[in-house]
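Let's take a friendly walk through a protein model, one part after another. Have the structure open as you read.

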Amino acid sequence: MNASRQDSRTMETIDGLIRNIRIATLNSQLDTDYGVIEDGCLAWNDGKILYVGPQDQSPYPSAVTTIDGDGCWLTPGLIDCHTHLVYAGNRAGEFEALRQGKSYAEIAKAGGGIRSTVTATRAADEADLFSEAAKRLQRLLAEGVTTVEIKSGYGLNRDDELKMLRVIRQLGEHFPVEVHATCLAAHAVPPEFHDDPEAYLNRVIDEILPAVAAENLATSVDVFCESIAFSADQTRRLFRAATRLGFKLKGHVEQLTQQGGTDVLCEFNALSADHIEFISEPQIGRMAEAGVTAVILPGAFYYLGEHQKPPIESLRAHQVPMAVATDQNPGSSPLSSLLTAANLACVLFGMTPAEAWSGMTRSAAQALGLGDRKGQLREGFDADLLLWDVDHPRQIIHEINRFRPQRIWQAGQERTHV
Ligand code: NIG
Ligand code: FE
C-alpha cells in the first residue's frame, strides 16, 4: 500500500476495531489449520470486515468502537447448517422405545417418528411453534451461532408447511441471527397419502413448492431419500421441479441404507449431502467432482445407536468439504448444541478438532451456498465474530458444555441479548 492511500484510509471513521487478539480466521487461503494470526487485529465497517491481520500492519489505529481483546481468541461466528428446530411436542416416549431395542425405521413404520411430530405440529398455531422453537434457538445462539438453517417438514400439506416456514421467518426477524429456510415437504409420506406416495409427491411439486416460492419463504429444497421415505427417482423428480422454481438443493441421503440419493444430488450440483453414513467410495468421488459439501450429523448417529460411520478418511482424501451440524429435531437428534455436535464428530467419527472447527464455520457456509461471505474472517466477509477467553479454540470443543463466547457480533452489531 503506498503512503497516500494509507493516509486516506487512516482518516476514515470506521465502525469497529478489535486489537490485541489471536485470530483463528479459518481462512482457506492461509496454509495452516485454523488460519491463525498471532498479535492480530480486525476492523470492520457496515457489517463487513475491512482488515484482518497483524496489528502492527493495520491501517486502522482506531474506530468508533475500539476494543482491547486482552489476548483472547477471535473466531468466525458459528453456522448450524442443518436443523429442524421448529416443531411441536416431544418424542421422549420414543427414546424409551429405542432404548428397549426398537429401530428408528420400525418406529416410523408403526406410525411414530416423524409422523407423530407431524400430528402435533399440524395442531399447533404459529405462536406456539414460535415460542417452543425460540427456546431451542436461544441455546444455539448462546454458544455463538450467528447463522442457522431451519427446515420445514412436519406440516406435509400446503398450509402447515407454509405455517412452519412463516415461523422460521419470524425467528429470523426476532432474533439476532441470520436464518436460512429450507422446504422439506418431502420429509415423509403423510398418513392421508399412505397408499399413494406418488400422489403426495405430485402435491409437493404442483402445490406446496409453488406456494413456498410465491411467498419467498425458503431458498432451498431438501428431501429424505430413504427406504422409509422417498426413492432416488422420486428425489430426481422433486429436484427437477425445485430447480425450475429457482431453489437450491440439499438432501438427507444414505443415512440408514444406500439408496443412491447422493448420485441425484451430484447430478443437480446440490449444495450438500447430509448424513451419508452409507455412502460408497464412487459416490464420494462424484461429490468431489460436483462440488457437493458433506454435512456430518453425529447427533443422529449417536441417538439412533447406529454402527456405520460416515467415511471421514475417504471424504478427507477426496477433499470434500465436511460441515458439522446439530440436526436439531425431536426424534433422531434432540441436540441443541453445535459445540457438542463438533465434539461428537471428533470422538465418534475421528474428525480432527481443526476439521470440526471448519465444519462449524467455513464448510457450513459452503453447505448453505454462503461460502463467499461467511465462515471465514477475511476482508469483504461478514463481520460475524466471537471473542473467546481460552488458550486455543480446540479447547472449546474438547470440553463439553464448558465454554461460551465472551462477546458476539452479528454483521458488525454487538449482540446484547439472545
Ligand atoms: O435428519 N432423517 C430424517 N429427518 C431427520 C429426523 C427427523 C425426525 O426424526 O423427526 C434427521 O435425522
Ligand atoms: Fe435432518
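## Two helices side by side

Helix 7 and helix 8 are roughly parallel to each other, because angles under 35 degrees count as roughly parallel and their axes cross at roughly 15 degrees. Those axes come within 10 Å. Please keep in mind that this is a predicted model. To find the pair on your screen, look for residues 197-214 for helix 7 and residues 232-244 for helix 8. The crossing of the two is right-handed.

Which residues of helix 7 and helix 8 make the contact? From helix 7 come Leu201, Val204, Ile205 and Leu209, while helix 8 brings Gln234, Arg237, Leu238, Ala241 and Ala242. Sorted by class, this contact has 7 nonpolar, 1 polar and 1 charged residues.

Helix 6 contributes Arg158, Glu161, Leu162 and Leu165 to the contact, and helix 7 contributes Glu207, Ile208, Ala211 and Val212. By class, there are 5 nonpolar, no polar and 3 charged residues here.

Now turn to helix 5 (residues 126-142) and helix 6 (residues 158-174), which pack at an angle of about 50 degrees with their axes 10 Å apart. This pair is therefore oblique, and helix 5 passes helix 6 in a right-handed crossing. On the helix 5 side you will find Glu126, Leu129, Phe130, Ala133, Ala134 and Leu137; they meet Lys163, Met164, Arg166, Val167, Gln170 and Leu171 of helix 6. The contact of helix 5 with helix 6 has 8 nonpolar, 1 polar and 3 charged residues.

Next, find the open sheet of 8 strands, whose order is 6-7-8-9-10-11-12-13 with parallel pairing. Its edge strands are strand 6 (78-80) and strand 13 (322-324), each of which pairs on one side only. On average, neighbouring strands of this sheet are turned by 25 degrees against each other, direction ignored.

Strand 6 is joined to strand 7 (residues 145-151) by 3 bridges, and the two run parallel. Aspartate 80 has valine 148 in strand 7 as its bridge partner.

Tryptophan 409 stands opposite glutamate 414 in strand 16. The hairpin of strand 15 and strand 16 has 2 residues between the strands, and alanine 411 takes a positive phi near 45 degrees.

## Around the ligand

How many residues surround ligand 1? There are 14, and the closest are Ile114, Ala300, Asn329, Gly331 and Ser332. The shell around ligand 1 divides into 4 nonpolar, 9 polar and 1 charged residues.

Methods
Residues numbered from 1 in each chain as written. Chains lettered and ligands numbered in written order. Predicted model: local features only at pLDDT ≥ 70, side-chain atom pairs only at ≥ 80, totals over all residues. Pairing = 2+ DSSP bridges. Helix = DSSP H or I, 4+ residues; strand = E, 2+ residues; numbered from the N terminus. Axes fitted to C-alpha atoms, helices over the stretch in contact; angles between N-to-C directions. Contact = placed C-beta atoms within 7 Å. Near = placed C-beta within 6 Å. Nonpolar A, V, L, I, M, F, W, Y, C, P; charged D, E, K, R; others polar. Parallel < 35°, antiparallel > 145°, perpendicular 65-115°, else oblique. Left-handed = near helix turned anticlockwise from the far one by under 90°.
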